[in-house]
Amino acid sequence: MIPVNEPHLGARELEFVSECVRTGWVSSSGKFITEFENRWAQYCGRKHGVAVSNGTVALQLAFEALDLKPGDEVIMPTFTIISCAQAVVYAGGTPVLVDSDARTWCMDTTQLKNKITARTRAIMPVHIYGHPVDMHPVMDLSEKHGLAVIEDAAEAHGAEYRSRRCGSFGLMSCFSFYANKLVTTGEGGMVLTDDGALAEKLRSLRNLCFLPGRRFYHEELGFNFRLTNLQASLGVAQIERMDEIIRKKRWIGEEYTHRLQHLKTIQLPVEEKWARSVYWMYGIVLSPDTRMNAVEFAEKLKSRGIETRPFFLGMHEQPVFQRQGLFKGECYPVAERIARQGLYLPSGIGLTPEQLRTVCNGVNEVLE
Ligand SMILES: Cc1ncc(COP(=O)(O)O)c(C=O)c1O
């Protein structure tokens with residue numbers, strides 16, 4: 001089976017992890033944590049980094065730090081992972097959805113304006129599958145209406161919007177370093193910000209709101225969202241390889257496009273002229289002419305030894321939110337279509353040219 005993704009770890013990762021084991025710095029203190037935070041912040045063009053246990057809690061921490069009040073609204077795409085919407089809900093806010101752009105599958109920024117109300121506090125752009133959101137309209141509206149921007153750049157490490165790195169926009173940006181991400185720490189996440197006071201607040205919330213001067217005395221409730229030094233050591237080694245990782249991802253993306261673009265019954269990822277994609281995952285969307293949905297297509301590829309993953313199912317279609325009375329009667333046609341017709345192909349940086357050809361041959365065979 002050609003895997004949809006595999007982590008690619010090398011000698012440096014082993015060296016740094018071994019150092020943690022040898023020195024005993026295995027929990028959340030140790031030099032690799034600060035080094036990882038500083039290097040990642042610097043790579044993304046930010047001042048402060050706060051490392052956490054995963055991308056889901058990075059989002060949760062960011063919205064907790066925003067002090068949402070009940071009824072405060074956060075505008076976000078319906079087409080994303082549940083972590084985004086649940087972070088808003090856990091923090092006491094209400095997610096308000098927009099549909100996807102039919103080309104990039106990222107949030108359709110032309111729909112934002114109509115969703116702004118007196119209760120809107122923030123906008124959460126989510127860069128999908130390695131391609132950036134069109135950030136200008138987001139930043140313009142944020143300035144005009146005084147809204148915070150919380151960027152989810154989990155899938156867009158090193159991607160660029162008009163030559164500026166994803167994860168450098170707005171008040172805070174959130175990352176995941178799960179095993180399938182460009183930079184991985186196994187499990188892991190980070191919140192970046194340029195605001196020093198906010199970074200302190202995030203650090204305190206991450207660590208049970210312990211007070212620096214007085215042990216076991218608390219004025220607020222926080223969380224244990226700490227990352228370990230062991231995990232951070234992997235991250236430091238991975239950042240050193242960022243250029244190589246992006247080069248390989250872009251090669252995979254360009255090579256798939258080159259070999260599949262003659263097929264008229266599938267939509268391939270685009271790279272808008274203002275974007276530099278990192279092709280985190282190479283998604284394709286089947287047209288209705290194929291008379292197949294993504295589940296049927298995935299089964300046929302699986303029987304040829306090719307693993308795939310389905311696209312996200314929109315937040316407005318999630319039973320858990322429907323039960324809570326959220327998004328009643330709402331309809332987002334692009335997200336609904338791509339959720340049913342979209343899947344992504346093997347995209348790990350270990351993918352060999354031969355495996356890539358096998359995948360393309362498999363896609364061709366099934367569609368013919
Ligand atoms: C866009 C996006 N945000 C957040 C997350 C959550 O990250 P994690 O899996 O580290 O909790 C993911 C996970 O893959 C993601 O794709």
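## Cysteines

A disulfide is a pair of cysteine sulfur atoms within 2.5 Å. By this criterion, the predicted model holds zero disulfides. Cys209 is in no disulfide, and the cysteine sulfur nearest to that of Cys209 belongs to Cys174, 17 Å away.

Cys209 has a relative accessibility of 5% and therefore counts as buried, the limit being 20%. Cys20 has a relative accessibility of 1%, so Cys20 also counts as buried.

## Helix α1

Helix α1 comprises 13 residues, numbered 11-23. From the first C-alpha to the last, α1 reaches 18 Å, close to the 18 Å expected at 1.5 Å a residue. The buried residues in α1 include Cys20, together with Glu13 and Phe16. These residues cover an arc of only 75 degrees around the axis, which means that they lie on the same side of α1.

Gly24 follows α1 and has a positive phi, near 85 degrees.

## Helix α3

Helix α3 spans residues 55-65. Nine of its 11 residues are buried, and α3 is therefore largely enclosed by the rest of the structure. The buried set consists of Gly55, Val57, Ala58, Leu59, Gln60, Leu61, Ala62, Phe63 and Ala65.

At the start of α3, the backbone nitrogen of Thr56 is approached by a side-chain oxygen of Asn54, which reaches to within 3.1 Å. Asp67 follows α3, and its phi is positive, near 55 degrees.

## Ligand surroundings

There are 13 residues around the ligand, of which Thr56, Asp152, Glu155, Ser176 and Lys181 come nearest. Gly55, one of the buried residues of α3, has a polar backbone atom 2.8 Å from an oxygen atom of the ligand.

For Glu155, a polar side-chain atom lies 2.6 Å from an oxygen atom of the ligand. For Ser176, the corresponding distance from a polar side-chain atom to an oxygen atom of the ligand is 2.7 Å.

## Ser173 in strand β8

Strand β8 covers residues 172-176 and contains Ser173. The relative accessibility of Ser173 is 0%, so Ser173 counts as buried. Its side chain makes a polar contact with the side chain of Arg46 at 3.4 Å, and the side chain of Ser173 also reaches the backbone oxygen of Gly167 at 2.7 Å.

With neighbours within four places in sequence left aside, Ser173 is in contact with Arg46, Glu151, Gly167, Met190, Val191 and Leu192.

## Thr308 between α9 and β13

Thr308 is located in the loop that connects α9 (294-302) and β13 (309-310). Thr308 counts as buried because its relative accessibility is 11%, under the 20% limit.

Thr308 and Asn5 are 303 residues apart along the chain, and their C-alpha atoms are separated by 9.1 Å. Not counting residues up to four places away in sequence, Thr308 touches Val4, Ala298, Leu301, Leu343, Tyr344 and Leu345.

Conventions
Residues are numbered from 1 along each chain as its sequence is written. This is a predicted model: local features need pLDDT of at least 70, side-chain atom pairs count only at pLDDT 80 or more; totals for chains, interfaces and linings use all residues. Side-chain values use heavy atoms; hydrogens and water are left out. Buried means under 20% relative accessible area, exposed over 50%, partly exposed in between (1.4 Å probe, protein chains only). Helices (H or I, at least four residues) and strands (E, at least two) are DSSP runs, numbered from the N terminus. The expected span of a helix is 1.5 Å times one less than its number of residues. The arc is that of the directions from the helix axis to the C-beta atoms. A residue is near a molecule or strand if one of its heavy atoms lies within 4 Å of it. A polar contact is a pair of N or O atoms within 3.5 Å; within protein, one must be able to donate a hydrogen and the other to accept it, and residues adjacent in sequence count only if both atoms are side-chain atoms. Contact means heavy atoms within 4.5 Å.
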